[in-house]
Amino acid sequence: MSETETTGASYAAAGVDIEAGDRAVELMKEWVKKTQRPEVAGLGGLGGFAGLFDASAFLRYERPLLASATDGVGTKVDIARRMGVYDTIGHDLVAMVMDDIVVCGAEPLFMTDYICVGKVHPERVAAIVKGIAEGCVLAGCALVGGETAEHPGLLGPDDFDVAGAGTGVVEADRLLGADRIRTGDVVIAMESSGLHSNGYSLVRHVLFDRAGMRLDQQVEEFGRTLGEELLEPTKIYSLDCLALTRTTDVHAFSHITGGGLAANLARVIPDGLHATVDRSTWAPGAVFDLVGRAGRVERLELEKTLNMGVGMMAVVPAESAEVALTTLADRGVDAWVAGEITERGEHTTGAELVGDYSA
């Protein structure tokens, strides 16, 4: 028998390094601490079996509704892995979770994460958590816990994936959604920071498999490398949306993710009404044009896969549009009136894009 066969089996021999996991936890603690809200201060700490949140904070509500969401960042993790850049993908994760929660008007409260790796590299895991923690600060929520799982034999030593779940709260009579939308409302578009975190299976297929582009390739239209453009973090709109609810009468939000602009906007349009969005009110960024040209992707296919330069939309009364745009501008968010709400015709659906994009 070989030496391996005569030696007792161990977790380490199977590929799981508990000590590396412990070191990763120690490295990430300083970043998690930066996300604390008053409701979690002094309640345990990282390393416990569960994250804690002081629910007595809800006593100021008459009827608090909890909002919950979970998500990941899809195949964008492949770009981070190939680039060797791990401290931005967490921004994407927080945005995908917390910007879903804020759509109903809920204030983000806390979040947990799940990081799955083929092999624990403590510094790499800590960098991922650093990005998540920074994203939580931008969203105004606490990172109360998470899990790092090592899956040798299932994932390669450099492979990883991330997912997260979050919780928010909204007063029942402040809940936003389709039932508030009225004919004559306008649709305000908020500019995206780029591709955000959906459609990367199409993007990777087009740019790498079909066009043969490289991540380190300089792209003149971007003023940086292809990899840097593709890794641009998803914009986190949570606090911007909450600011909008405080300054004006918001009827609904729509987070533009998988499925594209029209399909996501249609999710908040009530039966009998119709949202028309005018493409001529903005020009999508260069990355959308590149994907379209390199893959000869038809416009409708691009629009049902990518955000086309719009990451969040708000539906407000027409008389509130100016205040809404001013609020967003004061917060550094580029926004514009992109469409309107009308009665639904016989042959119209919940939302559609019309016209041609601005040059």
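Biologist: Is leucine 138 buried, partly exposed or exposed in this model?

Modeller: This is a predicted model, so take what follows as computed from it. Leucine 138 sits in helix H5, and its relative accessibility comes out at 44%. Buried would need under 20% and exposed over 50%. Because 44% falls between those cut-offs, leucine 138 counts as partly exposed.

Biologist: Which residues does leucine 138 touch, leaving out those up to four places away in sequence?

Modeller: Start with tyrosine 237, which is 99 residues away from leucine 138 in sequence but 8.5 Å away in space, C-alpha to C-alpha. With residues up to four places away set aside, the contacts of leucine 138 are His91, Ile236 and Leu239.

Biologist: And threonine 112, what does that count as?

Modeller: Threonine 112 belongs to strand S2, residues 107-117. Its relative accessibility is 30%. Since buried means under 20% and exposed means over 50%, threonine 112 counts as partly exposed.

Biologist: How does S8 run against S10, parallel or antiparallel?

Modeller: Strands of a sheet pair through backbone hydrogen bonds, and either direction can occur. Here 4 bridges join S8 to S10, residues 310-316, and serine 254 stands opposite methionine 313 in S10. The two strands run antiparallel.

Biologist: Which residues of S8 point the other way from Ala252 and Ser254?

Modeller: Ala252 and Ser254 point one way from S8, and they are buried. The residues on the other side are buried too. Those are Phe253 and His255.

Biologist: What covers the buried residues of H3?

Modeller: H3 spans residues 76-83, with Lys76, Val77, Asp78, Ile79 and Ala80 buried. Just after H3, glycine 84 takes a positive phi of about 70°. The cover over the buried residues of H3 includes H4 (89-101), S4, H6 (200-210) and H7 (226-230).

Biologist: Which residues lie nearest the centre of the second largest pocket?

Modeller: About 270 Å³ of space lies in that pocket, and its lining of 15 residues splits into 6 nonpolar, 3 polar and 6 charged. S4 (160-171) and H8 (238-247) each supply at least two of the lining residues. Nearest the centre are Gly105, Arg174, Leu242, Thr245 and Arg246.

Biologist: Which helix gives the largest share of the lining of the largest cavity?

Modeller: There is 1 cavity of 30 Å³ or more in the structure, and the largest cavity holds about 40 Å³ of space. Its lining is Val117, Lys119, Arg124, Val125, Ile128, Pro157, Asp158, Asp159 and Phe160, which sorts into 5 nonpolar, no polar and 4 charged residues. The largest share, 3 residues, comes from H5 (residues 122-139).

Biologist: Last one, for the whole chain: what percentage of the contacts with a separation of 6 or more comes from residues 24 or more positions apart?

Modeller: The chain has 12 helices and 12 strands, and 50% of its 359 residues count as buried. Among contacts with a separation of 6 or more, the share from residues 24 or more positions apart is 85%.

Terms used: Residues numbered from 1 in each chain as written. Predicted model: local features only at pLDDT ≥ 70, side-chain atom pairs only at ≥ 80, totals over all residues. Heavy atoms only, no water. 1 Å grid on protein atoms, 1.4 Å probe; cavity = no way out; pocket = protein on both sides within 12 Å on 5 of 7 lines; lining within 4 Å. Points joined across faces, edges and corners; volume = space filled by probe spheres on them. Nonpolar A, V, L, I, M, F, W, Y, C, P; charged D, E, K, R; others polar. Pairing = 2+ DSSP bridges. Buried < 20%, exposed > 50% of the residue type's maximum accessible area, 1.4 Å probe, protein only. Contact = heavy atoms within 4.5 Å.
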